Amino acid sequence: MSFLAIDVGNTRLKWTLYERPAPGAQALARGVEFLEQIDRLADTGWAGLPEPQSMLGCIVAGQAIRHRVHEQMEIWSVEPHWVVASSAEAGLINGYDYPARLGADRWVAMIGARHHVLAREGRARPILLVMVGTAVTVEAIDAEGRFLGGLILPGHGIMLRALESGTAGLHVPTGEVCEFPTNTSDGLTSGGTYAIAGACERMAQHLRARCGEEPACVMTGGAGWKMLPSMARPYELVESLIFDGLLVIAQARGLGAANGAAARLLHF
Ligand SMILES: Nc1ncnc2c1ncn2[C@@H]1O[C@H](COP(=O)(O)OP(=O)(O)O)[C@@H](O)[C@H]1O
Ligand SMILES: CC(C)(COP(=O)(O)O)[C@@H](O)C(=O)NCCC(=O)O
Ligand SMILES: [K+]
């Protein structure tokens with residue numbers, strides 16, 4: 001009952017093939033492709049893979065990219081299914097004004113984070129979830145699993161490109177993060193990093209005040225490893241969080257059970 005999980009952001013497509021659609025499932029294969037390269041997946045990363053019995057993904061990169069992913073999946077008969085943020089799923093309650101407008105990656109990552117913290121701590125806690133990708137999102141979840149709201153801010157790359165395009169003197173290589181930058185490169189890299197860390201700290205303060213206890217701080221996303229050392233408080237980096245969320249949702253929706261029943265039916 002192999003299960004293909006796909007996370008398509010605005011920079012990269014990440015995929016993992018699991019032996020079954022449930023938390024704790026063993027990963028059989030995985031890969032990352034920049035969006036510019038996804039039209040080769042059927043001939044490269046996905047060539048020779050065992051046919052997935054089910055698939056679930058989240059995508060925020062628009063309809064054209066979704067269509068191109070579907071084209072690459074034509075080597076299999078498996079139906080693509082994409083998560084859309086709803087008013088509630090897998091223990092999370094969506095506080096967005098219009099729930100379906102919340103980015104599916106944000107929704108899935110929050111579901112992953114809630115299950116991760118419950119498993120780690122044995123009890124529910126408020127969660128501050130930071131996802132560092134093309135954009136950066138900073139989500140506040142209370143101890144009852146209510147998504148209270150979240151910040152959206154530019155990722156490093158967008159911040160630097162915005163400064164380069166808007167000025168004459170900021171076309172320099174990236175530098176180091178330091179407390180007192182003394183050159184343009186270090187100033188840019190430190191400014192972008194502390195802009196993100198500062199926004200996260202403000203949301204941590206909001207959440208602490210709202211819930212009356214320290215939040216569990218979790219980080220994910222391709223640039224998470226870059227941000228971790230500069231944060232104002234300790235975060236746990238969980239790079240697989242979106243995949244953990246997809247596994248939780250797949251199990252909750254009974255993806256494996258349906259296949260199991262179908263498989264048993266076919267044998268008798
Ligand atoms: N090997 C890498 N190549 C490119 N970007 C990387 C790499 N490792 C980390 N990054 C950072 O991660 C970001 C992409 O992370 P990712 O979570 O895949 O973004 P998204 O989900 O928005 O596509 C890039 O903007 C970059 O800052
Ligand atoms: C905020 C995002 C762009 C983050 O995408 P990413 O950085 O992972 O590519 C994405 O979650 C999105 O398109 N959200 C829809 C708008 C919203 O969440 O309010
Ligand atoms: K992402």
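**View 1. Phe-3 and the residues it touches in this predicted model.** Phe-3 is in contact (heavy atoms within 4.5 Å) with Thr-16, Leu-17, Tyr-18, Arg-20, Pro-21, Ser-54, Met-55, Leu-56, Leu-246, Leu-247, Ala-250 and Leu-255, leaving out residues up to four places away in sequence. Residues are numbered from 1 along each chain as its sequence is written. Local features need pLDDT of at least 70, and side-chain atom pairs count only at pLDDT 80 or more.

**View 2. The largest nonpolar core.** A nonpolar core is a set of buried Ala, Val, Leu, Ile, Met, Phe, Trp, Tyr and Cys residues joined through side-chain atoms within 4.5 Å; buried means under 20% relative accessible area (1.4 Å probe, protein chains only). This one has 35 residues, and Phe-3, Leu-56, Ile-127, Leu-129 and Leu-246 touch the most other members. Domain 1 (3-85 + 244-264) and domain 2 (124-237) both contribute residues, so the core lies between them. Domain bounds come from an automatic or database domain assignment.

**View 3. The open sheet of seven strands.** Here strands are DSSP runs (E, at least two residues), numbered from the N terminus, and two of them pair if DSSP finds at least two bridges between them. Follow the order β5-β6-β9-β8-β7-β10-β11, where the pairing is mixed. At the edges, β5 (88-89) and β11 (236-237) each have a single partner strand, so one side of each is left without a neighbour in the sheet.

**View 4. β7 beside β8.** β7 and β8 (residues 135-141) pair in the antiparallel sense over six bridges. Look for Leu-129, whose bridge partner in β8 is Glu-139.

Methods:
Chains are lettered from A and ligands numbered from 1 in the order in which they are written. Side-chain values use heavy atoms; hydrogens and water are left out. Buried means under 20% relative accessible area, exposed over 50%, partly exposed in between (1.4 Å probe, protein chains only). Helices (H or I, at least four residues) and strands (E, at least two) are DSSP runs, numbered from the N terminus.
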